[in-house]
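Look at the sequence and the model first, then read on.

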Amino acid sequence: MTDSKYFTTTKKGEIFELKAELNSDKKEKKKEAVKKVIASMTVGKDVSALFPDVVNCMQTDNLELKKLVYLYLMNYAKSQPDMAIMAVNTFVKDCEDPNPLIRALAVRTMGCIRVDKITEYLCEPLRKCLKDEDPYVRKTAAVCVAKLHDINAQLVEDQGFLDTLKDLISDSNPMSINKLLTALNECTEWGQIFILDCLANYTPKDDREAQSICERVTPRLSHANSAVVLSAVKVLMKFMEMLSKDLDYYGTLLKKLAPPLVTLLSAEPELQYVALRNINLIVQKRPEILKHEMKVFFVKYNDPIYVKLEKLDIMIRLASQANIAQVLAELKEYATEVDVDFVRKAVRAIGRCAIKVEQSAERCVSTLLDLIQTKVNYVVQEAIVVIKDIFRKYPNKYESVIATLCENLDSLDEPEARAAMIWIVGEYAERIDNADELLESFLEGFHDESTQVQLQLLTAIVKLFLKKPTETQELVQQVLSLATQDSDNPDLRDRGYIYWRLLSTDPVAAKEVVLAEKPLISEETDLIEPTLLDELICYIGTLASVYHKPPSAFVEGGRGVVHKSLPPRTASSESTESPETAPPGAPSGEQPDVIPAQGDLLGDLLNLDLGPPVSGPPLATSSVQMGAVDLLGGGLDSLMGDEPEGIGGPNFVTPPAAAVPANLGAPMGSGLSDLFDLTSGVGTLSGSYVAPKTVWLPAMKAKGLEISGTFTRQVGSISMDLQLTNKALQVMTDFAIQFNRNSFGLAPAAPLQVHAPLSPNQTVEISLPLSTVGSVMKMEPLNNLQVAVKNNIDVFYFSTLYPLHVLFVEDGKMDRQTFLATWKDIPNENETQFQIRDCPLNAEAASSRLQSSNIFTVAKRNVEGQDMLYQSLKLTNGIWVLAELRIQPGNPSFTLSLKCRAPEVSQHVYQAYETILKN
């Protein structure tokens with residue numbers, strides 16, 4: 001029935017009946033009564049006698065009832081001005097209501113009540129609404145000011161409303177977000193998707209705006225189109241970051257998100273898969289959303305394998321103490337399926353449950369043993385792999401099952417399962433009577449095993465030897481010989497030599513290293529890294545959320561791809577400006593300018609003239625050639641020489657002479673410290689730290705030319721040490737090199753000299769002297785160098801990062817007075833503090849190592865047990881950097897404070913410190 005019924009009654013004594021109904025306790029009766037009053041008013045009846053009773057109905061949360069009461073007020077306020085004052089308190093209260101529609105309604109009604117008596121009471125609520133956070137309320141308040149001006153122009157001017165209106169003209173939010181939200185209800189489903197994607201790129205200014213947008217987006221969750229649902233989920237997941245978890249609305253929103261996600265799983269398999277990949281991300285970010293929905297992820301017999309595997313993954317993520325019994329029963333059922341891949345994953349899932357939910361571990365181990373008893377080969381092998389992880393999570397708890405595992409040794413044919421079993425035997429060798437026989441059985445086909453098994457076998461036999469030295473001497477000799485002499489795998493050989501040297505020089509240290517207590521494995525080793533997860537949440541409903549990779553990883557070229565992240569809960573930013581004037585006490589006269597800003601680099605490298613470089617002052621090149629460095633210090637012939645009486649006695653083992661290069665052989669010091677002694681028996685140059693060569697230009701990108709290199713500084717000269725390898729099928733000639741403009745003016749000081757044609761599979765090493773007089777332009781990052789290399793085939797481009805310490809000059813030591821004056825003169829906002837961790841050096845060793853790279857200690861003092869080193873360094877362009885290095889004896893973490901007039905170099909100086917101190 002329509003509202004027309006209210007216009008058909010004309011009873012006598014109706015006013016008294018309406019009065020009684022208006023004062024009724026029942027909300028519906030009261031609402032009906034107000035509708036009758038409005039109907040009577042509309043047809044011309046005088047119902048002003050009901051004014052106080054209608055005004056009392058204003059105190060309601062019902063928006064429809066409030067609108068009706070306001071309509072009555074606007075009509076009768078003029079004839080009942082004294083009574084209208086009763087409504088003022090309600091207006092004031094409604095102007096502060098959390099619902100913007102009620103705030104706007106109150107303001108609009110205020111503007112329509114043209115009564116001088118109450119106008120002045122309405123100024124304060126109007127002022128608040130003019131500055132309201134909601135643009136709709138602000139717009140309504142602005143219209144109200146115009147109506148108020150018509151009633152009392154002087155009052156509007158006195159209250160400063162005109163100035164507030166002028167501020168509104170420059171309002172930063174022209175209701176664009178509001179219009180988008182309104183348009184959601186009016187456009188097609190694809191239009192809704194575009195609008196929701198646009199909203200997801202918007203960052204609300206505070207939590208109230210975020211909540212307001214969430215409230216208006218939530219209805220999209222019940223849309224029939226799954227793409228609209230996922231786009232709405234994306235917006236809500238992003239804006240939830242800004243909401244406090246204590247809010248009632250936050251809990252409500254979590255409950256609203258679960259049903260639409262569950263509904264997506266009733267679609268066809270392809271859509272289910274897309275939904276599951278997105279749910280996987282959502283569960284990692286907020287598992288509480290679906291914690292009560294475990295059953296919907298149980299696998300159905302007719303699900304495709306890709307859906308089954310994805311559901312299984314989500315089941316593990318949602319597993320908890322509350323539902324683990326249910327989950328394990330399902331997983332045990334899955335392990336008897338016919339699909340091999342699915343069964344494997346189900347067995348692994350049981351192991352992951354044990355690691356994640358400690359209370360379920362015993363039940364999981366029991367389930368795995370039951371599965372092993374089935375003697376199905378691939379089930380047994382997967383069970384052994386996951387039991388190894390359970391042993392690592394709960395040591396000395398479930399080792400009673402080892403005997404059962406050993407019974408299945410002969411059936412293991414997969415590398416991962418064999419490696420897991422070998423690890424178990426080596427780790428618990430003291431509990432297994434025939435451990436040596438078990439491991440020896442693996443040795444028989446050592447060279448046919450995969451690298452994973454070989455490495456595990458080597459370590460397991462060394463563990464066994466350390467636990468039972470007298471019984472396994474021959475076994476360890478055999479495996480060390482196989483690993484170091486007969487293997488061409490560098491990883492295996494290196495590990496063999498390290499064990500060999502450890503065992504021969506310091507058995508106690510060997511025991512501490514090999515049998516050290518291992519850290520427990522984490523609950524979730526396959527979680528997506530948090531920053532990547534935050535980025536992927538911003539791409540819900542796109543290909544990125546299916547691949548679980550950011551778009552830059554699979555969009556060709558990566559141009560136009562913007563990296564997104566979730567909005568921070570609190571945001572603060574500071575900007576510091578570099579001072580332009582130098583202090584009076586600054587060394588070497590005038591202070592250099594900050595590095596100029598980067599301009600348009602497009603085409604700089606593409607138009608390089610690759611002739612001989614511009615002549616600059618030639619740099620002195622060192623005539624000393626670095627020989628091959630023996631990383632084991634002292635040659636391999638001394639690896640087992642003069643071993644102490646200990647493990648295995650004096651006749652332990654020595655490596656055969658055939659395995660030792662003739663040109664190596666210097667006496668070796670005793671002890672573990674010689675393990676990586678780089679100076680034992682090898683002459684080395686003193687100078688700044690030189691990083692090992694890395695590949696700058698791979699052959700596949702340069703038509704067969706591979707370029708590796710590093711940067712060095714020796715006796716005041718900077719060099720780029722290059723290694724050119726020809727992996728093509730033709731000879732390479734006519735080499736030339738040129739650099740783009742860069743932050744410190746690095747440029748070749750001589751042509752690239754390749755004296756003979758570079759034949760296929762040939763490698764040549766070249767030291768290219770560099771000058772710092774080239775063109776300067778600030779790069780991003782600061783130490784970026786863009787290089788072009790030409791040969792007879794083509795021109796190739798690459799970029800590399802040079803370590804800043806090659807730019808530290810030899811005259812970088814300040815005297816104490818100048819250091820003190822400069823430190824005080826540089827503004828405090830230019831000071832940056834860093835932590836250097838895992839550095840076991842003392843103050844003397846640190847100072848000596850830094851000085852070799854031209855970082856000079858100006859003064860040293862001890863404050864409350866801390867060594868304080870005050871240091872200075874100077875870059876090739878004249879920029880000085882001052883440093884305070886705090887070292888607490890016994891603490892491997894140093895605190896580094898840097899001050900500089902060009903603070904943008906501080907981060908790179910810190911990186912130089914860290915590189916020098918740790919290498």
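Arginine 348 is partly exposed, with a relative accessible area of 28%. Glutamate 382 is buried, at 6% relative accessibility. Here buried means under 20% relative accessible area, exposed means over 50%, and partly exposed lies in between (1.4 Å probe, protein chains only). The model is a predicted one: local features need pLDDT of at least 70, side-chain atom pairs count only at pLDDT 80 or more, and totals for chains, interfaces and linings use all residues. Residues are numbered from 1 along each chain as its sequence is written, and side-chain values use heavy atoms, with hydrogens and water left out.

**Salt bridges**

Arginine 348 and glutamate 382 meet through their side chains in a salt bridge of 2.4 Å, N to O. This pair links distant parts of the chain: arginine 348 sits in helix α21 (residues 340-356), glutamate 382 in helix α23 (residues 377-393), 34 residues apart. Helices (H or I, at least four residues) and strands (E, at least two) are DSSP runs, numbered from the N terminus. A salt bridge is a side-chain nitrogen of Lys or Arg within 4 Å of a carboxyl oxygen of Asp or Glu. By this rule there are 34 salt bridges. One network of them links Arg344, Arg348, Glu382, Glu414 and Glu416.

Arginine 277 and glutamate 310 form another salt bridge, at 3.2 Å, N to O. Arginine 277 belongs to helix α18 (residues 269-285) and glutamate 310 to helix α19 (residues 305-318), 33 residues apart. Both arginine 277 and glutamate 310 are buried.

Lysine 467 pairs with glutamate 430 in a salt bridge, with the closest N and O atoms 3.0 Å apart. Lysine 467 is in helix α27 (residues 451-467), while glutamate 430 is in the loop between α25 (415-427) and α26 (435-443), 37 residues apart. Lysine 467 is partly exposed, with a relative accessible area of 27%. Glutamate 430 is partly exposed too, at 46%.

**Aromatic rings**

How many aromatic pairs does a search of the whole structure find? It finds 11. Rings of Phe, Tyr and Trp (its six-membered ring) pair if their centres lie within 6.5 Å; planes under 30 degrees apart count as stacked, over 60 as edge-to-face and the rest as tilted. Two of the pairs are tabulated here.

| Pair | Centre to centre | Angle between planes | Type |
|---|---|---|---|
| Tyrosine 334 and phenylalanine 342 | 5.2 Å | 40 degrees | tilted |
| Tryptophan 696 and phenylalanine 711 | 5.3 Å | 35 degrees | tilted |

Tryptophan 696 lies in strand β1 (residues 694-697) and phenylalanine 711 in strand β2 (residues 705-714), 15 residues apart. Tryptophan 696 is buried, at 11% relative accessible area. Phenylalanine 711 is buried, at 2%. Together with Phe798 and Tyr802, Trp696 and Phe711 form one aromatic cluster.

Tyrosine 334 and phenylalanine 342 are both buried. Lysine 308 lies over the face of phenylalanine 342, at 5.2 Å from the ring centre. That label requires NZ of Lys or CZ of Arg within 6 Å of the ring centre and within 35 degrees of the ring normal.

**The second largest pocket**

The residues lining the second largest pocket divide into nine nonpolar, six polar and 10 charged. Which element gives the largest share of this lining? Helix α15 does, with eight residues.

Terms used:
Ala, Val, Leu, Ile, Met, Phe, Trp, Tyr, Cys and Pro count as nonpolar, Asp, Glu, Lys and Arg as charged, and the others, Gly among them, as polar.
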